[in-house]
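Got a new model open and wondering where the labels come from? Let's go through it by asking what each label rests on.

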Amino acid sequence: MLKLRKYQVAVLKCQKILDGVMFNKDVTHTGMRRRIENPRIVMLDSNLEYKKGESQTNLEFMQETDFRKILQLEEDYIRNICNDIIAIKPDLVLTEKGVSDLAQHFLLKAGVSVIRRLRKSDMNRVARAVGGQTAAQKF
């Protein structure tokens, strides 16, 4: 069972020993589940965002439809990544980097909870606790 709860230090009045890993993060969207029984976890060391070009990349749009095409390409890219993740049927996705709003939307619709920007050490602790490993994005 996995239960996600955010604590403030001043609120804790008793101490407990946990069988597992605890970190101070919350799910990325308020509609995502915080309590999950026997979760299937996907751990990524990459982001779930559209990869922008280098800082010196310039795009020049001649028509409004050109801008729409670029936005559509970004949406398709995020949708494909999310569909690949959803195909694995996880309950929870942990990532060391960011998650775009669009990716949160697609994963929320599929019933997947997401925790982003975990430290590498926390990811390693989770991996040891569940007997898994962090995967690099191969999408």
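Q: What makes a stretch of this chain a helix or a strand?
A: Helices are DSSP runs of H or I with at least four residues, and strands are runs of E with at least two. In this predicted model, the chain comes to three helices and five strands. Along the sequence they follow the pattern β-β-β-α-β-α-β-α.

Q: How do you know that the span of helix α1 agrees with its number of residues?
A: Helix α1 covers residues 64–87, so at 1.5 Å a residue its 24 residues should span 34 Å. The C-alpha atoms at its ends are 34 Å apart, which agrees. Just after α1, Lys 89 takes a positive phi of about 65°.

Q: Why is Phe 67 called partly exposed?
A: Buried means under 20% relative accessible area and exposed means over 50%, with partly exposed in between. Phe 67 has 41% relative accessibility, so it counts as partly exposed. Phe 67 sits in helix α1.

Q: What makes Phe 61, Phe 67 and Leu 71 a patch?
A: Nonpolar side chains are joined into a patch within 5 Å, and each residue needs over 30% relative accessible area and no salt bridge. Phe 61, Phe 67 and Leu 71 form such a nonpolar patch on the surface, with about 260 Å² of accessible area together.

Q: Which residues of α1 are buried, and what covers them?
A: The buried ones are Glu 74, Ile 78, Ile 81, Cys 82 and Ile 85. Their cover includes strands β3 (41–44) and β4 (92–95), plus helix α2 (101–109). Over the whole chain of 139 residues, 29% are buried.

Q: What makes a set of residues a nonpolar core, and which members touch the most others here?
A: The members must be buried nonpolar residues, joined through side-chain atoms within 4.5 Å. The largest such core has 26 residues, and Leu 48, Ile 85, Val 93, Leu 94, Leu 107 and Ile 115 touch the most other members. At least two residues each come from β3, α1, β4, α2, β5 (113–115) and α3 (120–130). Helix α1 gives the most, with four residues.

Q: What does Leu 107 touch, leaving out residues up to four places away in sequence?
A: A contact means heavy atoms within 4.5 Å. Leu 107 touches Leu 48, Cys 82, Ile 85, Ile 86, Val 112 and Val 114. For the chain, 73% of the contacts with a separation of 6 or more are between residues 24 or more positions apart.

Terms used:
Residues numbered from 1 in each chain as written. Predicted model: local features only at pLDDT ≥ 70, side-chain atom pairs only at ≥ 80, totals over all residues. Heavy atoms only, no water. Expected span 1.5 Å × (residues − 1). Buried < 20%, exposed > 50% of the residue type's maximum accessible area, 1.4 Å probe, protein only. Patch = residues over 30% accessible without salt bridge, like charges linked within 9 Å, V, L, I, M, F, W, Y side chains within 5 Å. Areas by Shrake-Rupley, 256 points an atom, 1.4 Å probe, with all protein chains shown as cover. Salt bridge = Lys/Arg side-chain N within 4 Å of Asp/Glu carboxyl O.
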